[in-house]
Amino acid sequence: MAEVVIVESKERAGALVADEIAELIASRPDAVLGLATGSTPLPVYEALRARLAGVDVSRVRGFALDEYVGLDPAHPESYRSVITREVVEPLGLDPALVHVPNGAEDGIAHAGPDYEARIAEAGGIDLQLLGIGTDGHIGFNEPGSSFASRTRVKTLTEQTREDNARFFDSLDDVPMHCITQGLGTILEARHLVLLAFGEGKAQAVADAVEGPLSAFLPGSAIQLHPHATVVVDEAAASKLKLADYYRWTFAHKPAWQGI
Ligand code: PGA
């Protein structure tokens, strides 16, 4: 199963994961990062700024998990804009090396396979950051997504649209459709790092980590991965049955192992 790391704050989670990413880039200057959007990964990007200052990141590559369909890429809440604003610019990455699925309606039928081909050409993703939705989605793989799915168009659940309405002027402005890496795509990344903070994520985290494998709870797919790390604060960990064991295990982990 996934390794669960329970930390006291988002900032601590950000520091822990940023250390791992900085080490990856030090050992592999053309590392391929799987980038997530939403509020959850922001402490990681924040912590990475200091760690990557002065580091040559000119060859670092990135692939976002997902994008809205039909939203102008110039819209401030398109994931292209979010990735540019939160990741590419502050970390000084080369924008030409950071990819986001193409959510333009024109050509949408081949946007998924095109994205898969780009990931394959890059040699796959080294470390994939993930958030989790309150409905258990990872990427935008909503309940019912096949564990074998590849990058494709999905219809957002009403729950997800409501959760994301805070980024838009109104619920009506939240797109209905998205294009997302599939669960099969995500499972091919070499290291999965799922983060979750706050009480609102506690049930989804418990179901993903300790519940049965089910397409109904797409986050449970991480149980199939040989190297998955789940970093949560106390509130998001509050429904985990084995929380004490995870604390004990992490406290006694050899330092050289990293996460
Ligand atoms: P959030 O979204 O980070 O904004 O909570 C997580 C997700 O939907 O994957």
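The side chain of Glu 210 reaches the backbone nitrogen of Lys 241 at 2.7 Å. This is a predicted model, in which local features need pLDDT of at least 70 and side-chain atom pairs count only at pLDDT 80 or more, while totals for chains, interfaces and linings use all residues. Residues are numbered from 1 along each chain as its sequence is written, and side-chain values use heavy atoms, with hydrogens and water left out.

Glu 210 belongs to helix H7, residues 202-210; helices (H or I, at least four residues) and strands (E, at least two) are DSSP runs, numbered from the N terminus. Along the chain, Glu 210 and Leu 240 are 30 residues apart, yet 7.3 Å separates their C-alpha atoms. With a relative accessible area of 23%, Glu 210 is partly exposed, a class that lies between buried (under 20% relative accessible area) and exposed (over 50%), using a 1.4 Å probe and protein chains only.

A second region of interest comes from a record. UniProt places the feature "active site", in an unreviewed entry, at Asp 66, Asp 135, His 137 and Glu 142; its positions are given in the numbering used here, feature names are shortened, and annotations may be inferred rather than shown by experiment.

Asp 66 is located in strand E4, residues 66-68. Asp 66 counts as buried because its relative accessibility is 5%. A polar atom of the Asp 66 side chain lies 3.3 Å from the backbone nitrogen of Phe 140.

His 137, by contrast, is found in the loop between strand E6 (127-130) and strand E7 (152-155). His 137 also counts as buried, at 10% relative accessibility. Its side chain is joined to that of Glu 142 by a polar contact of 3.0 Å. A polar contact is a pair of N or O atoms within 3.5 Å; within protein, one must be able to donate a hydrogen and the other to accept it, and residues adjacent in sequence count only if both atoms are side-chain atoms.

The ligand brings His 137 into view again. An oxygen atom of the ligand lies 2.6 Å from a polar side-chain atom of His 137. For Lys 201, a polar side-chain atom is likewise 2.6 Å from an oxygen atom of the ligand. In the side chain of Thr 40, an N or O atom is 2.4 Å from an oxygen atom of the ligand. The ligand taken alone exposes 280 Å², of which the protein buries 84%; accessible areas come from the Shrake-Rupley method with a 1.4 Å probe, and for residues only the protein chains shown count as cover.
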